[in-house]
Amino acid sequence: MSFILRLNHISKSFGAVLALKDVSLDLGDNEILGLLGDNGAGKSTLVKIISGIFPPDSGSMCVNGETIDFRRYSGARSRRFGIETVHQDHALAEKQPLWRNVFVGRHLKNGLGFIHAAEEKRETLKLLHNVIGLPAEGLDPDLPASVLSGGERQGLAIGRAMYFQSHLIILDEPTTALSLHETEKVLGFIKKIKEAGKACIFISHNIAQVFAVADRCVVMDRGEIVADESKNEMTLESLTKLLISFNRRQEILHV
Ligand SMILES: Nc1ncnc2c1ncn2[C@@H]1O[C@H](COP(=O)(O)OP(=O)(O)OP(=O)(O)O)[C@@H](O)[C@H]1O
Ligand SMILES: [Mg+2]
């Protein structure tokens, strides 16, 4: 298997809090990884390091075989490496038109170097239609992103990642604020990521959702990876028991 991502001995502290402790993790280039763990386990901190928000204190990372120089790494660079991260709260700029949301920072240019707005609007309509399944008629790419439902916004953010040929799409709790129906849509998008031959890290507190789409599940507990199992090694029951056992351990330690 070839790897889209390799993390080696990553550690990160915030003051006295050791958020990540010697984390090593490999991700295959067409693997859907479910990342589970209690509040404060270090999941988002790991995601932020991968997507260039801040560097680790120590450790190394390879993306598509290339070792990352953290002194030159950033959110924009992570996207150039084919990594797209979608956050629940600010997946899109809600007041901005749909088409600007898709192409911000990565505009299509015409022969003279000007932004090709008409082409960007056409491509946005195609995306809304093909990826999210909205009817092509009656959709206006000039409408603000706030007209979309929560699930559709997640869908557009994921669709945008597919459009720009991202290799790895990271979804940090994309379904937390969504209705059941909307959640089903997002899980459908994750299946499309798999079919498109790409990789995904999917973070959720909902074990059943993670189990439904992931090829492999990693459990974090207080900054460490404590379990790493492929789908065929576990059942929803065994995974649930495992998570409960770590929650219990944490409760006992906190008494
Ligand atoms: N910028 C920061 N400054 C200080 N402490 C931080 C910062 N970011 C995270 N932490 C701390 O690091 C630890 C790990 O936090 P992180 O957000 O990675 O957890 P998480 O697994 O994503 O939790 P949740 O499931 O609640 O989102 C927590 O104790 C948190 O308080
Ligand atoms: Mg988090």
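Author: pLDDT is the predictor's confidence in each residue, from 0 to 100. This is a predicted model, in which local features need pLDDT of at least 70 and side-chain atom pairs count only at pLDDT 80 or more, while totals for chains, interfaces and linings use all residues. Residues are numbered from 1 along each chain as its sequence is written, and chains are lettered from A and ligands numbered from 1 in the order in which they are written.

Reader: In which element of the protein chain is confidence lowest?

Author: Helices (H or I, at least four residues) and strands (E, at least two) are DSSP runs, numbered from the N terminus. The chain has a mean pLDDT of 89, with 95% of its residues at 70 or more. Strand S4 (residues 58-63) is highest at 98, and the lowest mean, 78, belongs to helix H8 (residues 236-254).

Reader: Why is H5 largely enclosed by the rest of the structure?

Author: A residue is buried if 20 or more other C-beta atoms, placed from the backbone, lie within 10 Å of its own; it is exposed at 12 or fewer and partly exposed in between. Among the buried residues of H5 are Gly151, Leu156 and Ile158. H5 is largely enclosed because the buried residues number 11 of the 14.

Reader: What is the bridge partner of Arg6 in S2?

Author: Strand S1 (residues 3-14) runs antiparallel to S2, joined by 8 bridges. In S2, Arg6 has as its bridge partner Asp26.

Key: Pairing = 2+ DSSP bridges.
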